Amino acid sequence: MKKAVPLMILTLLVSVLAAGCINGSNEKDEKLIIFHAGSLSIPFKQLEDEFSKYAEENLGVKVKFQDEADGSVKTVRKVTDLGKKADIVAVADYTLIPQLMVPNYADFYVLFATNEIVIAFTDKSRYADEITSDNWYEILARPGVTFGFSDPNQDPCGYRSVMVMKLADLYYGKPIFETLVEKNTNIHANSSLIVAPKEIRVKSDKVVIRPKETDLTGLVESGSLDYFFIYKSVAEQHNLKYVTLPDEINLKDFSKAEYYGQVSITLGSTGKTIKAKPIVYGVTVPKDAPHRELAMEFLRFLLSEKGREIFKANHQDFIWPPIAFGNVPPEIKDEVKIEG
């Protein structure tokens with residue numbers, strides 16, 4: 001009987017050690033849930049690949065990513081309306097975070113990249129050899145020419161595209177918005193305020209609208225759509241031809257913020273009114289992020305020199321240093337400039 005006691009203890013110790021090994025291995029496999037704008041798909045894929053190597057070498061963690069790309073309004077509403085959990089939320093319009101997520105779902109956000117709206121096309125596009133920065137609106141209005149933009153209710157590129165066409169009214173002194181948007185959709189304007197109904201309808205086969213701007217890329221590449229409004233970085237990443245627009249309407253120039261602000265849009269999806277402004281991307285870690293510690297490591301990586309290099313390689317301007325607002329976590333304070 002006395003010999004059985006050490007055997008029982010030994011068996012127990014082996015079980016405890018085995019359990020520890022199993023738990024230890026589980027701790028080394030961690031998941032990161034990332035919700036981001038469609039226009040961030042290519043740079044974020046590279047970020048995730050590079051961060052995977054970094055985490056394995058420096059943190060002893062093997063990261064599995066759950067990556068979801070959508071229009072930025074839809075991306076935020078996954079958290080605020082559908083109650084989905086995310087570790088990182090990155091959007092193409094940073095103002096969506098303070099408008100829709102702060103203070104209930106997030107308490108800080110960081111501005112990290114910029115962009116501009118262009119009109120992309122290929123050699124297959126009708127009048128591809130004629131379109132310029134001066135006559136683009138005439139080309140789009142021609143019979144037989146088709147063009148697209150993303151859904152303003154789901155995607156900042158969509159509401160920015162229609163605001164660009166409204167700004168074009170002011171810049172060129174011509175009814176461009178009426179010709180291109182109002183005649184072909186139920187999106188309308190009262191003076192300089194655009195209204196995007198909750199259910200957007202297309203009235204003709206001239207215009208194509210999709211949930212996010214990257215959904216239109218394949219249509220243009222295949223030749224089934226002539227032109228689409230898109231971010232310059234995405235056009236570059238997909239090797240598309242594109243026409244740049246005057247700084248007064250392309251939403252790129254920070255010195256023209258007041259000029260852009262003449263136009264605004266009310267979204268049926270949120271009831272919010274958004275003023276046209278220079279394009280700035282934002283990112284946050286939600287308060288209830290399920291893997292917060294690892295999310296902060298990823299955010300540090302994004303905001304570091306390495307993140308800046310990845311964005312530069314993908315033709316997107318990075319804000320340096322990134323600018324943070326709110327209750328900025330200590331983990332990223334060395335990587336950002338804090339303003340409020």
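Predicted model: local features only at pLDDT ≥ 70, side-chain atom pairs only at ≥ 80, totals over all residues.

User: Which residues line the largest cavity?

Analyst: The lining is made of Asp93, Tyr159, Arg160, Met163, Leu251, Ile274, Lys275, Ala276 and Lys277. Helix 6 (156-172) and strand 13 (273-275) each give two or more residues to it, and the largest share, 3 residues, comes from helix 6.

User: Why is the pair of phenylalanine 121 and tyrosine 227 called tilted?

Analyst: A whole-structure search turns up 21 aromatic pairs. For phenylalanine 121 and tyrosine 227, the ring centres are 5.4 Å apart, and the cut-off for a pair is within 6.5 Å. The planes meet at 50°; stacked needs under 30 degrees and edge-to-face over 60, so tilted is what remains for this pair.

User: What does that pair tie together?

Analyst: Phenylalanine 121 sits in strand 5 and tyrosine 227 in strand 10, so the pair links parts that are 106 residues apart in sequence.

User: What makes strand 9 and strand 11 edge strands?

Analyst: Their sheet is open, with 5 strands in the order 9-6-10-5-11 and mixed pairing. Strand 9 (207-210) and strand 11 (241-244) each pair on one side only. From one strand to the next, the twist averages 35°.

User: How do you know that strand 5 and strand 11 pair?

Analyst: Pairing takes at least two bridges. Strand 5 (residues 117-121) and strand 11 have 4 bridges, in the antiparallel sense, so they pass. Phenylalanine 121 stands opposite lysine 241 in strand 11.

User: And strand 3 with strand 14: how many bridges are there?

Analyst: Strand 3 (residues 88-91) and strand 14 (residues 280-284) share 3 bridges and are antiparallel; the cut-off is at least two, so this is a pair as well. Valine 89 stands opposite threonine 284 in strand 14. Another open sheet has 7 strands in the order 2-1-3-14-4-15-16, with mixed pairing. Its edges are strand 2 (62-70) and strand 16 (337-338), each pairing on one side only.

User: Which strands does helix 2 touch in that sheet?

Analyst: Helix 2 (residues 41-59) packs on the sheet, touching strand 1 (29-37), strand 2 and strand 3, and its direction makes about 170° with that of strand 2.

Technical notes:
Residues numbered from 1 in each chain as written. Heavy atoms only, no water. 1 Å grid on protein atoms, 1.4 Å probe; cavity = no way out; pocket = protein on both sides within 12 Å on 5 of 7 lines; lining within 4 Å. Axes fitted to C-alpha atoms, helices over the stretch in contact; angles between N-to-C directions. Phe/Tyr/Trp six-rings, centres within 6.5 Å; stacked < 30°, edge-to-face > 60°. Contact = heavy atoms within 4.5 Å.
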